[in-house]
Amino acid sequence: MADHEEAKGGESLLEKISGKIPGGGGGGSSSSDSDDNRVAEAAEAAKAKVYRLFGRERPVHQVLGGGKPADVFLWKNKKVSAGALGVVTVIWALFELAEYHLLTLAAHCLILALAILFLWSNAHTFIHKSPPRIPEVSIPEEPVLQFASALRLEINQAFAVLRDIASGKDLKKFLLVIAGLWLLSIAGNCCNFLTLFYIVFVLLHTVPVLYEKFEDKIDPFAERAMGELKKQYAVFDAKVLSKIPMGPLKGKKKAA
């Protein structure tokens with residue numbers, strides 16, 4: 001009996017000691033939980049520091065504006081995206097390959113639709129079918145005003161950016177805009193506006209969804225490319241841009 005009581009006392013004493021020692025008993029689970037939390041926080045911080053193309057911090061869906069247009073570009077609803085791409089492809093083929101003109105196409109479509117509806121409305125008694133229900137079509141005022149307001153804001157913002165560039169404050173931005181407009185002029189010489197619009201539309205339906213799918217592989221490559229571009233720009237800045245006199249009037253005023 002005495003040996004049994006001594007064994008019990010020894011076990012209780014060991015339990016008390018292990019409970020006081022950090023990492024022993026119940027403290028071990030809490031410390032492991034805290035370690036897991038620290039590892040998770042470190043992983044999230046490392047993920048946040050990963051380079052993203054063009055320095056974006058939001059998902060691709062939000063970068064595209066969110067809502068239904070972003071869903072179409074990212075093929076969230078494959079039927080809608082495929083339908084939009086198919087309709088635009090048919091329109092482009094009619095104008096470019098079949099060499100249709102917009103006025104001719106609109107007139108032919110209206111002739112066909114009116115002829116079918118007129119014949120159906122007059123022949124429904126002979127074919128024993130109900131007459132066609134022609135819906136009343138009207139353009140609501142509110143969406144038109146919202147579109148006009150959004151377009152006005154975008155145009156004003158573009159004017160403000162052009163004014164800021166023309167003021168000569170940022171040479172880097174000026175060169176980027178000039179290069180972009182020059183590339184746009186080259187594209188305009190190679191194809192007409194409709195073909196250019198179709199190419200942009202196809203790119204919007206392919207590039208974002210491919211980037212979203214393979215962004216973990218694309219971003220490291222883009223980071224290396226951007227680093228190389230920055231190096232080349234630094235060399236160009238040191239050899240060319242830094243030698244261009246900027247603001248001689250301001251320099252004279254400071255000297256005076």
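T206 is partly exposed, with a relative accessible area of 29%. The residue belongs to helix α9. Its C-alpha atom is separated by 7.6 Å from that of F73, although T206 and F73 stand 133 residues apart along the chain. These values, like those that follow, come from a predicted model.

The overall make-up of the chain is helical. There are 11 helices and zero strands. Read from the N terminus, the order of elements is α-α-α-α-α-α-α-α-α-α-α. The chain has 256 residues, and 11% of them count as buried.

On the α9 side, the contact is made by L210, Y211, E212 and K213. On the α10 side, E215, I218 and D219 take part. By class, the contact of α9 with α10 has three nonpolar and four charged residues. No polar residue is found in this contact.

Aromatic pairs were considered next. The structure holds two of them. One is formed by W92 and Y198. W92 lies in helix α5, which covers residues 78-97, whereas Y198 lies in helix α9. The pair therefore ties together parts that are 106 residues apart in sequence. Is Y198 buried or exposed? Its relative accessibility is 15%. The cut-off for a buried residue is under 20%, so Y198 counts as buried.

The UniProt record, an unreviewed entry, lists residues 80-95, 101-120 and 174-204 under "transmembrane region". The model was compared with two of these stretches. Over residues 80-95 the chain is 100% helix and 0% strand. The end C-alpha atoms of residues 80-95 are 23 Å apart. Over residues 101-120 the chain is 95% helix, again with 0% strand. Here the end C-alpha atoms are 29 Å apart.

Another residue of note is V177. V177 lies in helix α8, which runs over residues 171-190. Its relative accessible area is 25%, and V177 is partly exposed. Along the chain, V177 and I165 are 12 residues apart. Their C-alpha atoms are separated by 8.4 Å.

Backbone angles were then inspected. Most residues other than glycine have a negative phi. W75 is not a glycine, yet its phi is positive, at about 60°. W75 lies in the loop between α4 (67-73) and α5. At 24% relative accessibility, W75 counts as partly exposed. E99 also has a positive phi, near 55°, in a residue other than glycine. Where does E99 lie? The residue is placed in the loop between α5 and α6, the latter at 102-127.

Technical notes: Residues are numbered from 1 along each chain as its sequence is written. This is a predicted model: local features need pLDDT of at least 70, side-chain atom pairs count only at pLDDT 80 or more; totals for chains, interfaces and linings use all residues. Side-chain values use heavy atoms; hydrogens and water are left out. Contact means heavy atoms within 4.5 Å. Helices (H or I, at least four residues) and strands (E, at least two) are DSSP runs, numbered from the N terminus. Ala, Val, Leu, Ile, Met, Phe, Trp, Tyr, Cys and Pro count as nonpolar, Asp, Glu, Lys and Arg as charged, and the others, Gly among them, as polar. UniProt positions are given in the numbering used here, feature names are shortened, and annotations may be inferred rather than shown by experiment. Rings of Phe, Tyr and Trp (its six-membered ring) pair if their centres lie within 6.5 Å; planes under 30 degrees apart count as stacked, over 60 as edge-to-face and the rest as tilted. Buried means under 20% relative accessible area, exposed over 50%, partly exposed in between (1.4 Å probe, protein chains only).
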